[in-house]
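The points run from terms and confidence to the ligand shells and a few single residues.

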Amino acid sequence: MRLSWTGTLVAIGAGVVLGVGALHGWAQTPPTPQAPKAEADKAEADADKAGEYDQAIWNKLHFPSPGSRVTDAQCLACHQEVLERRVRPSTLAGLKTSETLAWYQTLDTYTGEQDTFHRRHLVLPYGKSVMNLSCTFCHRGHDPRDEAPGSSATAASQATAGFTLRKVVDPSKTCLLCHGTFPNKVMGLPGPWPEVRKGLENANVKNGCLICHAQQFRTNRHNVTYLHGAKIEDLAKESSDVCYGCHGGRSWYRISYPYPRHAWPAMSPTVPDWAKDRPTESDPEYRIEDGAK
Ligand code: HEC
Ligand code: HEC
Ligand code: HEC
Ligand code: HEC
Ligand code: HEC
(Lines give C-alpha, C1' and ligand atoms only; values in the text may rest on other atoms or scores of the structure.)
(Ligands and ions follow the chains in the order given, each with its own letter.)
Protein backbone atom coordinates (compact mmCIF):
# COMPACT_ATOMS: atom_id res chain seq x y z
CA MET A 1 0.00 0.00 0.00
CA ARG A 2 1.29 3.44 -0.91
CA LEU A 3 0.43 6.03 1.70
CA SER A 4 0.62 9.61 0.54
CA TRP A 5 1.77 12.42 2.88
CA THR A 6 -1.70 13.84 3.21
CA GLY A 7 -3.14 10.38 3.52
CA THR A 8 -0.94 9.85 6.59
CA LEU A 9 -2.07 13.05 8.19
CA VAL A 10 -5.67 12.04 7.67
CA ALA A 11 -4.84 8.69 9.17
CA ILE A 12 -3.30 10.33 12.24
CA GLY A 13 -6.25 12.64 12.52
CA ALA A 14 -8.61 9.69 12.33
CA GLY A 15 -6.97 8.23 15.43
CA VAL A 16 -4.95 5.41 13.94
CA VAL A 17 -2.45 4.53 16.62
CA LEU A 18 1.08 5.17 15.49
CA GLY A 19 4.20 4.81 17.59
CA VAL A 20 6.16 7.97 18.26
CA GLY A 21 8.99 6.44 16.32
CA ALA A 22 6.76 5.88 13.36
CA LEU A 23 5.56 9.46 13.45
CA HIS A 24 9.12 10.64 13.73
CA GLY A 25 10.03 8.44 10.85
CA TRP A 26 7.30 9.89 8.64
CA ALA A 27 8.29 13.40 9.47
CA GLN A 28 11.79 12.70 8.23
CA THR A 29 10.69 11.08 5.01
CA PRO A 30 10.97 13.60 2.20
CA PRO A 31 7.40 14.63 1.43
CA THR A 32 5.89 14.06 -1.98
CA PRO A 33 5.88 17.18 -4.18
CA GLN A 34 2.13 17.93 -3.73
CA ALA A 35 2.38 19.11 -0.13
CA PRO A 36 4.78 22.04 -0.54
CA LYS A 37 2.99 22.97 -3.73
CA ALA A 38 -0.32 23.29 -1.88
CA GLU A 39 1.36 25.35 0.82
CA ALA A 40 3.11 27.50 -1.76
CA ASP A 41 -0.20 28.03 -3.56
CA LYS A 42 -1.84 29.14 -0.35
CA ALA A 43 1.02 31.49 0.48
CA GLU A 44 0.81 32.92 -3.01
CA ALA A 45 -2.94 33.39 -2.72
CA ASP A 46 -2.48 35.15 0.64
CA ALA A 47 0.12 37.44 -0.86
CA ASP A 48 -2.20 38.15 -3.78
CA LYS A 49 -4.97 39.06 -1.36
CA ALA A 50 -2.68 41.41 0.55
CA GLY A 51 -1.57 42.88 -2.74
CA GLU A 52 -5.15 43.31 -3.90
CA TYR A 53 -5.97 45.14 -0.69
CA ASP A 54 -3.04 47.50 -1.18
CA GLN A 55 -4.01 47.98 -4.78
CA ALA A 56 -7.56 48.76 -3.76
CA ILE A 57 -6.40 51.39 -1.27
CA TRP A 58 -4.34 53.01 -4.00
CA ASN A 59 -7.10 52.53 -6.58
CA LYS A 60 -7.20 55.42 -9.03
CA LEU A 61 -10.81 56.19 -8.07
CA HIS A 62 -9.49 57.40 -4.71
CA PHE A 63 -7.53 60.09 -6.59
CA PRO A 64 -9.96 61.97 -8.80
CA SER A 65 -8.52 64.05 -11.58
CA PRO A 66 -10.21 67.35 -12.46
CA GLY A 67 -13.26 66.82 -14.61
CA SER A 68 -13.35 63.07 -14.04
CA ARG A 69 -16.78 61.62 -13.43
CA VAL A 70 -16.99 58.66 -11.08
CA THR A 71 -20.35 56.93 -10.66
CA ASP A 72 -21.65 55.68 -7.33
CA ALA A 73 -21.71 52.18 -8.81
CA GLN A 74 -17.93 52.32 -9.27
CA CYS A 75 -17.42 53.11 -5.56
CA LEU A 76 -20.08 50.66 -4.46
CA ALA A 77 -18.34 47.82 -6.29
CA CYS A 78 -15.99 47.82 -3.28
CA HIS A 79 -17.99 49.72 -0.63
CA GLN A 80 -21.48 48.25 -0.92
CA GLU A 81 -21.67 47.90 2.87
CA VAL A 82 -22.05 51.64 3.42
CA LEU A 83 -25.58 51.49 2.05
CA GLU A 84 -26.49 48.15 3.59
CA ARG A 85 -25.47 48.60 7.21
CA ARG A 86 -28.26 49.46 9.69
CA VAL A 87 -28.25 51.01 13.14
CA ARG A 88 -28.35 48.86 16.29
CA PRO A 89 -31.80 48.10 17.72
CA SER A 90 -30.65 49.59 21.03
CA THR A 91 -27.66 51.34 22.56
CA LEU A 92 -25.23 49.24 24.60
CA ALA A 93 -26.82 50.74 27.72
CA GLY A 94 -30.22 49.41 26.61
CA LEU A 95 -31.94 52.54 25.26
CA LYS A 96 -34.18 51.36 22.43
CA THR A 97 -33.49 52.97 19.07
CA SER A 98 -37.21 53.03 18.30
CA GLU A 99 -37.80 55.17 21.42
CA THR A 100 -35.03 57.65 20.70
CA LEU A 101 -35.36 60.98 18.91
CA ALA A 102 -32.55 63.52 18.74
CA TRP A 103 -33.12 67.30 18.51
CA TYR A 104 -32.28 67.23 14.80
CA GLN A 105 -34.92 64.59 14.19
CA THR A 106 -37.83 66.75 15.29
CA LEU A 107 -38.43 68.67 12.06
CA ASP A 108 -41.72 67.98 10.24
CA THR A 109 -39.84 66.36 7.39
CA TYR A 110 -38.30 63.62 9.53
CA THR A 111 -39.87 60.22 8.88
CA GLY A 112 -39.20 56.52 9.32
CA GLU A 113 -37.08 54.48 11.66
CA GLN A 114 -33.62 55.48 12.81
CA ASP A 115 -31.23 54.86 9.97
CA THR A 116 -27.62 55.43 9.09
CA PHE A 117 -26.05 58.66 7.95
CA HIS A 118 -25.33 57.37 4.44
CA ARG A 119 -28.84 56.00 3.96
CA ARG A 120 -30.49 59.26 5.15
CA HIS A 121 -28.57 61.18 2.49
CA LEU A 122 -28.60 58.68 -0.36
CA VAL A 123 -31.34 56.09 -0.05
CA LEU A 124 -34.36 57.16 2.02
CA PRO A 125 -37.29 58.84 0.25
CA TYR A 126 -37.07 62.32 1.84
CA GLY A 127 -33.38 62.78 1.17
CA LYS A 128 -33.80 61.55 -2.38
CA SER A 129 -36.72 63.88 -3.00
CA VAL A 130 -34.82 67.09 -2.15
CA MET A 131 -31.27 66.19 -3.13
CA ASN A 132 -29.27 64.19 -5.60
CA LEU A 133 -26.02 63.53 -3.79
CA SER A 134 -23.35 61.16 -5.03
CA CYS A 135 -20.39 59.60 -3.22
CA THR A 136 -17.98 62.06 -4.77
CA PHE A 137 -19.98 65.11 -3.70
CA CYS A 138 -18.74 64.44 -0.15
CA HIS A 139 -15.72 62.19 -0.76
CA ARG A 140 -13.60 64.28 -3.09
CA GLY A 141 -11.01 61.59 -3.32
CA HIS A 142 -9.59 59.51 -0.53
CA ASP A 143 -5.85 59.99 -0.57
CA PRO A 144 -4.43 57.74 2.20
CA ARG A 145 -1.54 60.23 2.52
CA ASP A 146 -3.94 62.87 3.85
CA GLU A 147 -4.40 60.81 6.98
CA ALA A 148 -0.76 60.87 8.08
CA PRO A 149 1.54 63.90 8.29
CA GLY A 150 4.73 63.82 6.26
CA SER A 151 3.67 60.87 4.17
CA SER A 152 3.14 62.83 0.98
CA ALA A 153 5.94 63.14 -1.54
CA THR A 154 4.77 66.66 -2.32
CA ALA A 155 4.95 67.71 1.33
CA ALA A 156 8.15 65.89 2.25
CA SER A 157 10.08 68.99 3.36
CA GLN A 158 7.49 70.17 5.85
CA ALA A 159 5.84 67.49 7.89
CA THR A 160 2.50 69.27 7.96
CA ALA A 161 2.38 71.09 4.62
CA GLY A 162 -0.87 70.33 2.88
CA PHE A 163 -1.91 67.99 5.65
CA THR A 164 -5.57 68.63 6.31
CA LEU A 165 -6.34 65.81 8.73
CA ARG A 166 -9.16 65.20 6.30
CA LYS A 167 -10.20 61.78 7.44
CA VAL A 168 -13.07 61.32 5.10
CA VAL A 169 -14.55 64.60 3.90
CA ASP A 170 -13.91 68.34 4.03
CA PRO A 171 -17.00 69.75 5.80
CA SER A 172 -16.49 73.35 4.64
CA LYS A 173 -17.15 72.32 1.04
CA THR A 174 -19.86 69.79 1.76
CA CYS A 175 -21.81 69.55 5.04
CA LEU A 176 -21.72 73.31 5.72
CA LEU A 177 -23.81 73.96 2.60
CA CYS A 178 -26.83 72.32 4.25
CA HIS A 179 -25.92 72.27 7.94
CA GLY A 180 -24.79 75.83 8.72
CA THR A 181 -26.43 78.23 11.17
CA PHE A 182 -29.55 80.14 10.10
CA PRO A 183 -28.12 83.47 8.86
CA ASN A 184 -30.77 85.70 10.43
CA LYS A 185 -28.54 88.82 10.59
CA VAL A 186 -28.22 89.20 6.81
CA MET A 187 -32.01 88.84 6.59
CA GLY A 188 -32.63 91.65 9.03
CA LEU A 189 -34.51 89.20 11.27
CA PRO A 190 -34.27 89.99 14.99
CA GLY A 191 -33.41 86.47 16.21
CA PRO A 192 -33.08 82.77 15.49
CA TRP A 193 -35.81 81.16 13.39
CA PRO A 194 -37.68 79.30 16.16
CA GLU A 195 -38.28 82.69 17.85
CA VAL A 196 -39.26 84.80 14.83
CA ARG A 197 -41.23 82.03 13.23
CA LYS A 198 -44.14 82.33 15.69
CA GLY A 199 -44.89 85.87 14.57
CA LEU A 200 -44.84 84.97 10.88
CA GLU A 201 -46.72 81.70 10.54
CA ASN A 202 -50.33 80.66 11.18
CA ALA A 203 -52.84 78.14 9.81
CA ASN A 204 -52.89 79.92 6.45
CA VAL A 205 -49.21 80.79 6.25
CA LYS A 206 -47.41 77.48 6.60
CA ASN A 207 -44.05 78.69 5.41
CA GLY A 208 -42.80 81.98 6.86
CA CYS A 209 -39.65 81.93 4.72
CA LEU A 210 -41.75 82.36 1.62
CA ILE A 211 -43.21 85.65 2.89
CA CYS A 212 -39.85 87.08 1.81
CA HIS A 213 -38.44 84.40 -0.46
CA ALA A 214 -41.38 83.66 -2.78
CA GLN A 215 -41.08 86.96 -4.66
CA GLN A 216 -38.93 89.51 -2.85
CA PHE A 217 -35.43 88.22 -2.15
CA ARG A 218 -33.00 85.67 -3.60
CA THR A 219 -35.66 84.00 -5.70
CA ASN A 220 -33.06 82.65 -8.13
CA ARG A 221 -31.79 79.65 -6.16
CA HIS A 222 -30.92 75.96 -6.09
CA ASN A 223 -29.89 75.64 -9.76
CA VAL A 224 -27.30 72.97 -8.96
CA THR A 225 -27.04 69.34 -9.97
CA TYR A 226 -26.99 67.97 -6.41
CA LEU A 227 -30.38 69.50 -5.44
CA HIS A 228 -33.89 68.95 -6.79
CA GLY A 229 -34.75 72.65 -6.89
CA ALA A 230 -38.31 72.42 -8.20
CA LYS A 231 -39.22 69.61 -5.82
CA ILE A 232 -37.88 71.62 -2.87
CA GLU A 233 -40.17 74.56 -3.69
CA ASP A 234 -43.07 72.16 -4.12
CA LEU A 235 -42.59 70.48 -0.74
CA ALA A 236 -41.85 73.80 0.98
CA LYS A 237 -45.42 75.02 0.36
CA GLU A 238 -46.48 72.74 3.22
CA SER A 239 -43.84 73.65 5.80
CA SER A 240 -40.91 75.98 6.43
CA ASP A 241 -39.15 72.98 7.97
CA VAL A 242 -38.26 71.98 4.40
CA CYS A 243 -36.26 75.21 3.98
CA TYR A 244 -35.09 75.46 7.57
CA GLY A 245 -33.96 71.82 7.43
CA CYS A 246 -31.04 72.83 5.19
CA HIS A 247 -30.60 76.40 6.46
CA GLY A 248 -30.27 76.06 10.24
CA GLY A 249 -32.61 73.32 11.43
CA ARG A 250 -29.82 70.75 11.72
CA SER A 251 -26.83 72.99 12.15
CA TRP A 252 -23.61 71.32 13.15
CA TYR A 253 -21.71 74.60 12.76
CA ARG A 254 -21.82 78.05 14.35
CA ILE A 255 -21.15 79.66 10.99
CA SER A 256 -23.31 79.81 7.88
CA TYR A 257 -22.19 78.94 4.39
CA PRO A 258 -21.32 82.05 2.34
CA TYR A 259 -23.78 81.26 -0.46
CA PRO A 260 -23.35 82.70 -3.92
CA ARG A 261 -25.65 85.69 -4.35
CA HIS A 262 -27.54 85.26 -7.60
CA ALA A 263 -29.20 88.34 -9.04
CA TRP A 264 -32.99 88.41 -8.76
CA PRO A 265 -35.51 90.62 -10.59
CA ALA A 266 -36.13 93.27 -7.88
CA MET A 267 -32.54 93.35 -6.63
CA SER A 268 -31.09 96.70 -5.58
CA PRO A 269 -27.85 97.59 -7.42
CA THR A 270 -26.14 98.40 -4.09
CA VAL A 271 -24.27 95.40 -2.72
CA PRO A 272 -24.47 95.21 1.10
CA ASP A 273 -21.10 94.99 2.93
CA TRP A 274 -21.56 91.39 4.03
CA ALA A 275 -22.02 90.34 0.42
CA LYS A 276 -19.01 92.16 -1.09
CA ASP A 277 -16.84 89.04 -1.45
CA ARG A 278 -19.62 86.73 -2.51
CA PRO A 279 -19.62 84.99 -5.88
CA THR A 280 -22.70 85.70 -7.98
CA GLU A 281 -23.02 82.20 -9.37
CA SER A 282 -22.92 78.64 -8.07
CA ASP A 283 -19.79 76.51 -8.24
CA PRO A 284 -19.30 75.80 -11.99
CA GLU A 285 -18.83 72.13 -11.25
CA TYR A 286 -22.45 71.81 -10.16
CA ARG A 287 -24.19 74.73 -11.87
CA ILE A 288 -27.27 74.16 -14.03
CA GLU A 289 -28.04 76.99 -16.39
CA ASP A 290 -31.40 78.70 -15.70
CA GLY A 291 -34.44 76.78 -16.74
CA ALA A 292 -32.65 73.44 -16.95
CA LYS A 293 -33.82 72.21 -13.57
C1 HEC B 1 -11.10 48.52 -5.83
C2 HEC B 1 -11.89 48.71 -4.64
C3 HEC B 1 -12.21 50.16 -4.23
C4 HEC B 1 -12.82 51.14 -4.99
C5 HEC B 1 -13.27 51.08 -6.44
C6 HEC B 1 -13.00 52.27 -4.11
N7 HEC B 1 -12.50 51.98 -2.86
FE8 HEC B 1 -12.50 53.19 -1.25
N9 HEC B 1 -11.35 51.89 -0.21
C10 HEC B 1 -11.01 50.63 -0.64
C11 HEC B 1 -10.19 50.00 0.38
C12 HEC B 1 -9.62 48.58 0.34
C13 HEC B 1 -10.04 50.94 1.42
C14 HEC B 1 -9.31 50.77 2.75
C15 HEC B 1 -10.30 50.30 3.77
C16 HEC B 1 -9.71 50.11 5.14
O17 HEC B 1 -8.49 50.17 5.30
O18 HEC B 1 -10.52 49.90 6.05
C19 HEC B 1 -10.81 52.12 1.02
C20 HEC B 1 -10.96 53.24 1.80
C21 HEC B 1 -11.92 54.21 1.55
C22 HEC B 1 -12.36 55.20 2.50
C23 HEC B 1 -11.86 55.34 3.94
C24 HEC B 1 -12.52 54.31 4.79
C25 HEC B 1 -12.16 54.44 6.24
O26 HEC B 1 -12.65 53.59 7.01
O27 HEC B 1 -11.41 55.35 6.60
C28 HEC B 1 -13.31 55.97 1.90
C29 HEC B 1 -14.08 57.13 2.49
C30 HEC B 1 -13.44 55.46 0.55
N31 HEC B 1 -12.60 54.40 0.37
C32 HEC B 1 -14.31 55.98 -0.38
C33 HEC B 1 -14.36 55.58 -1.71
C34 HEC B 1 -15.09 56.26 -2.74
C35 HEC B 1 -15.94 57.49 -2.54
C36 HEC B 1 -14.88 55.57 -3.90
C37 HEC B 1 -15.37 55.94 -5.30
C38 HEC B 1 -14.89 57.25 -5.77
C39 HEC B 1 -14.03 54.43 -3.59
N40 HEC B 1 -13.73 54.50 -2.26
C41 HEC B 1 -13.62 53.47 -4.48
C42 HEC B 1 -11.40 50.05 -1.83
C43 HEC B 1 -12.00 50.71 -2.90
C1 HEC C 1 -23.40 63.53 2.64
C2 HEC C 1 -21.99 63.25 2.47
C3 HEC C 1 -21.58 61.84 2.10
C4 HEC C 1 -21.99 61.11 1.01
C5 HEC C 1 -22.97 61.53 -0.08
C6 HEC C 1 -21.28 59.85 1.08
N7 HEC C 1 -20.49 59.82 2.19
FE8 HEC C 1 -19.30 58.27 2.79
N9 HEC C 1 -18.88 59.25 4.52
C10 HEC C 1 -19.26 60.55 4.81
C11 HEC C 1 -18.83 60.87 6.16
C12 HEC C 1 -19.03 62.19 6.88
C13 HEC C 1 -18.19 59.70 6.65
C14 HEC C 1 -17.61 59.48 8.04
C15 HEC C 1 -18.76 59.03 8.88
C16 HEC C 1 -18.41 57.92 9.77
O17 HEC C 1 -17.24 57.79 10.14
O18 HEC C 1 -19.34 57.17 10.11
C19 HEC C 1 -18.21 58.72 5.60
C20 HEC C 1 -17.63 57.46 5.68
C21 HEC C 1 -17.48 56.61 4.60
C22 HEC C 1 -16.70 55.38 4.60
C23 HEC C 1 -15.89 54.84 5.77
C24 HEC C 1 -16.72 54.55 6.97
C25 HEC C 1 -17.83 53.58 6.72
O26 HEC C 1 -18.97 53.92 7.06
O27 HEC C 1 -17.59 52.50 6.19
C28 HEC C 1 -16.82 54.83 3.37
C29 HEC C 1 -16.19 53.54 2.88
C30 HEC C 1 -17.68 55.70 2.59
N31 HEC C 1 -18.07 56.77 3.36
C32 HEC C 1 -18.05 55.49 1.28
C33 HEC C 1 -19.06 56.18 0.62
C34 HEC C 1 -19.64 55.77 -0.65
C35 HEC C 1 -19.24 54.55 -1.45
C36 HEC C 1 -20.60 56.69 -0.96
C37 HEC C 1 -21.57 56.70 -2.14
C38 HEC C 1 -22.46 55.55 -2.21
C39 HEC C 1 -20.61 57.69 0.12
N40 HEC C 1 -19.68 57.32 1.05
C41 HEC C 1 -21.41 58.84 0.15
C42 HEC C 1 -19.97 61.40 3.99
C43 HEC C 1 -20.63 61.02 2.83
C1 HEC D 1 -27.28 68.90 -0.01
C2 HEC D 1 -27.62 69.03 1.38
C3 HEC D 1 -26.87 68.21 2.41
C4 HEC D 1 -25.52 68.00 2.52
C5 HEC D 1 -24.43 68.48 1.58
C6 HEC D 1 -25.32 67.26 3.75
N7 HEC D 1 -26.53 67.01 4.34
FE8 HEC D 1 -26.82 66.08 6.11
N9 HEC D 1 -28.83 66.16 5.84
C10 HEC D 1 -29.46 66.77 4.78
C11 HEC D 1 -30.88 66.51 4.85
C12 HEC D 1 -31.95 67.01 3.90
C13 HEC D 1 -31.08 65.69 6.00
C14 HEC D 1 -32.41 65.11 6.52
C15 HEC D 1 -32.60 63.70 6.02
C16 HEC D 1 -33.86 63.06 6.57
O17 HEC D 1 -34.60 63.69 7.34
O18 HEC D 1 -34.10 61.90 6.22
C19 HEC D 1 -29.77 65.51 6.61
C20 HEC D 1 -29.55 64.82 7.78
C21 HEC D 1 -28.33 64.74 8.42
C22 HEC D 1 -28.11 64.13 9.70
C23 HEC D 1 -29.19 63.52 10.60
C24 HEC D 1 -29.44 62.09 10.28
C25 HEC D 1 -30.54 61.52 11.16
O26 HEC D 1 -30.40 60.40 11.61
O27 HEC D 1 -31.54 62.19 11.40
C28 HEC D 1 -26.78 64.22 9.97
C29 HEC D 1 -26.07 63.73 11.22
C30 HEC D 1 -26.16 64.89 8.85
N31 HEC D 1 -27.14 65.20 7.92
C32 HEC D 1 -24.82 65.19 8.74
C33 HEC D 1 -24.20 65.63 7.58
C34 HEC D 1 -22.77 65.73 7.40
C35 HEC D 1 -21.75 65.40 8.47
C36 HEC D 1 -22.56 66.15 6.13
C37 HEC D 1 -21.26 66.36 5.41
C38 HEC D 1 -20.42 65.20 5.32
C39 HEC D 1 -23.87 66.36 5.52
N40 HEC D 1 -24.84 66.01 6.42
C41 HEC D 1 -24.09 66.87 4.24
C42 HEC D 1 -28.86 67.54 3.80
C43 HEC D 1 -27.50 67.57 3.55
C1 HEC E 1 -38.41 89.00 6.74
C2 HEC E 1 -37.96 88.45 5.47
C3 HEC E 1 -37.25 87.11 5.50
C4 HEC E 1 -37.67 85.93 6.05
C5 HEC E 1 -38.95 85.65 6.83
C6 HEC E 1 -36.66 84.95 5.70
N7 HEC E 1 -35.67 85.53 4.97
FE8 HEC E 1 -34.02 84.64 4.20
N9 HEC E 1 -33.31 86.41 3.53
C10 HEC E 1 -33.99 87.62 3.63
C11 HEC E 1 -33.15 88.68 3.11
C12 HEC E 1 -33.54 90.16 3.06
C13 HEC E 1 -31.94 88.07 2.69
C14 HEC E 1 -30.73 88.76 2.10
C15 HEC E 1 -31.01 89.23 0.70
C16 HEC E 1 -29.77 89.78 0.04
O17 HEC E 1 -28.98 89.01 -0.48
O18 HEC E 1 -29.62 91.00 0.04
C19 HEC E 1 -32.09 86.64 2.97
C20 HEC E 1 -31.13 85.70 2.69
C21 HEC E 1 -31.29 84.34 2.88
C22 HEC E 1 -30.32 83.35 2.55
C23 HEC E 1 -28.95 83.58 1.95
C24 HEC E 1 -27.97 83.96 3.02
C25 HEC E 1 -26.61 84.28 2.50
O26 HEC E 1 -25.70 84.41 3.35
O27 HEC E 1 -26.40 84.42 1.30
C28 HEC E 1 -30.84 82.13 2.89
C29 HEC E 1 -30.18 80.79 2.74
C30 HEC E 1 -32.15 82.37 3.42
N31 HEC E 1 -32.39 83.72 3.41
C32 HEC E 1 -33.01 81.38 3.86
C33 HEC E 1 -34.18 81.62 4.57
C34 HEC E 1 -34.98 80.59 5.17
C35 HEC E 1 -34.68 79.10 5.07
C36 HEC E 1 -36.02 81.21 5.82
C37 HEC E 1 -37.09 80.56 6.66
C38 HEC E 1 -36.67 79.54 7.63
C39 HEC E 1 -35.87 82.63 5.59
N40 HEC E 1 -34.74 82.84 4.83
C41 HEC E 1 -36.72 83.61 6.06
C42 HEC E 1 -35.25 87.83 4.16
C43 HEC E 1 -35.98 86.86 4.83
C1 HEC F 1 -31.76 69.91 0.61
C2 HEC F 1 -31.23 71.14 1.14
C3 HEC F 1 -31.91 72.47 0.86
C4 HEC F 1 -33.23 72.78 1.01
C5 HEC F 1 -34.37 71.84 1.37
C6 HEC F 1 -33.34 74.21 0.76
N7 HEC F 1 -32.12 74.72 0.46
FE8 HEC F 1 -31.69 76.65 0.02
N9 HEC F 1 -29.81 76.14 -0.51
C10 HEC F 1 -29.25 74.89 -0.35
C11 HEC F 1 -27.93 74.91 -0.93
C12 HEC F 1 -26.97 73.74 -0.95
C13 HEC F 1 -27.72 76.19 -1.47
C14 HEC F 1 -26.49 76.69 -2.24
C15 HEC F 1 -26.68 76.38 -3.71
C16 HEC F 1 -25.67 77.08 -4.60
O17 HEC F 1 -24.47 77.05 -4.30
O18 HEC F 1 -26.09 77.69 -5.60
C19 HEC F 1 -28.90 76.96 -1.16
C20 HEC F 1 -29.10 78.30 -1.47
C21 HEC F 1 -30.17 79.07 -1.00
C22 HEC F 1 -30.26 80.50 -1.10
C23 HEC F 1 -29.23 81.42 -1.74
C24 HEC F 1 -29.78 81.81 -3.11
C25 HEC F 1 -28.75 82.38 -4.05
O26 HEC F 1 -28.63 83.58 -4.18
O27 HEC F 1 -28.08 81.56 -4.72
C28 HEC F 1 -31.46 80.86 -0.56
C29 HEC F 1 -32.05 82.27 -0.41
C30 HEC F 1 -32.11 79.66 -0.11
N31 HEC F 1 -31.29 78.58 -0.40
C32 HEC F 1 -33.34 79.62 0.48
C33 HEC F 1 -34.09 78.45 0.62
C34 HEC F 1 -35.51 78.41 0.85
C35 HEC F 1 -36.40 79.63 0.98
C36 HEC F 1 -35.86 77.09 0.92
C37 HEC F 1 -37.25 76.50 1.02
C38 HEC F 1 -38.16 76.93 -0.05
C39 HEC F 1 -34.63 76.31 0.78
N40 HEC F 1 -33.60 77.18 0.58
C41 HEC F 1 -34.53 74.93 0.83
C42 HEC F 1 -29.86 73.81 0.25
C43 HEC F 1 -31.21 73.70 0.49
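1. Conventions. This is a predicted model, in which local features need pLDDT of at least 70 and side-chain atom pairs count only at pLDDT 80 or more, while totals for chains, interfaces and linings use all residues. Residues are numbered from 1 along each chain as its sequence is written, and chains are lettered from A and ligands numbered from 1 in the order in which they are written.

2. Confidence. The average pLDDT (the predictor's confidence in each residue, from 0 to 100) is 83 for the protein, and 79% of the residues score at least 70. Two stretches stay under 50. Residues 1-27 are one of them, and residues 155-161 are another. Counting a contact as two residues whose C-beta atoms, placed from the backbone, lie within 7 Å, the model has 10 contacts beyond four places in sequence for residues 1-27 and seven for residues 155-161.

3. Overall make-up. The protein has 13 helices and zero strands; both are DSSP runs numbered from the N terminus, helices being H or I of at least four residues and strands E of at least two. Buried residues make up 8% of the 293 residues. Among contacts between residues at least 6 apart in sequence, 62% join residues at least 24 apart.

4. Nonpolar core. A nonpolar core here is a set of buried Ala, Val, Leu, Ile, Met, Phe, Trp, Tyr and Cys residues joined through C-beta atoms within 7 Å. The largest one has eight residues: Cys178, Trp193, Cys209, Ala236, Val242, Cys243, Tyr244 and Cys246. Helix α13 gives four of them, the largest share. In soluble globular proteins, nonpolar side chains tend to be buried together.

5. Ligand 1. A residue belongs to a ligand's shell if its C-beta atom, placed from the backbone, lies within 6 Å of the ligand. Ligand 1 has 17 such residues, with Ala56, Cys75, Cys78, Cys135 and His139 coming nearest. Helices α3 (34-57), α4 (72-79) and α8 (135-138) each give two or more residues, and the largest share, five residues, is from α4. For the classes, Ala, Val, Leu, Ile, Met, Phe, Trp, Tyr, Cys and Pro count as nonpolar, Asp, Glu, Lys and Arg as charged, and the others, Gly among them, as polar. On that basis the shell around ligand 1 has 10 nonpolar, seven polar and no charged residues.

6. Ligand 3. Around ligand 3 there are 25 residues, and Arg120, Tyr126, Met131, Cys175 and Cys178 come nearest. Two or more residues each come from α6 (117-122), α7 (125-130), α9 (176-179) and α13. By class, this shell has 16 nonpolar, seven polar and two charged residues. Cys178 is also listed in the largest nonpolar core.

7. Ligand 4. The shell of ligand 4 holds 23 residues, the closest being Met187, Cys209, Cys212, Cys243 and His247. Helices α10 (193-200), α11 (209-213) and α13 (240-246) each supply two or more, with α11 giving the largest share, four residues. The classes are 15 nonpolar, six polar and two charged. Cys209 and Cys243 are also members of the largest nonpolar core.

8. Two positive phi values. Most residues other than glycine have a negative phi. Arg218 has a phi near 50°, and His222 has one near 65°. Arg218 is in the loop between α11 and α12 (229-236), and His222 lies in the loop between α11 and α12 as well. His222 is partly exposed, with 19 other C-beta atoms within 10 Å.

9. Which residues does Phe137 contact, leaving aside its neighbours within four places in sequence? They are Thr174 and Tyr226. Phe137 lies in helix α8 and is buried, because 20 other C-beta atoms are within 10 Å. Asn132, in the loop between α7 and α8, is partly exposed with 15 C-beta neighbours inside 10 Å. Beyond four places in sequence, Asn132 is in contact with Thr225, Tyr226, Leu227 and His228. Asn132 and His228 are 96 residues apart in sequence, yet their C-alpha atoms are 6.7 Å apart.

Technical notes: A residue is buried if 20 or more other C-beta atoms lie within 10 Å of its own, exposed if 12 or fewer, and partly exposed in between; C-beta atoms are placed from the backbone.
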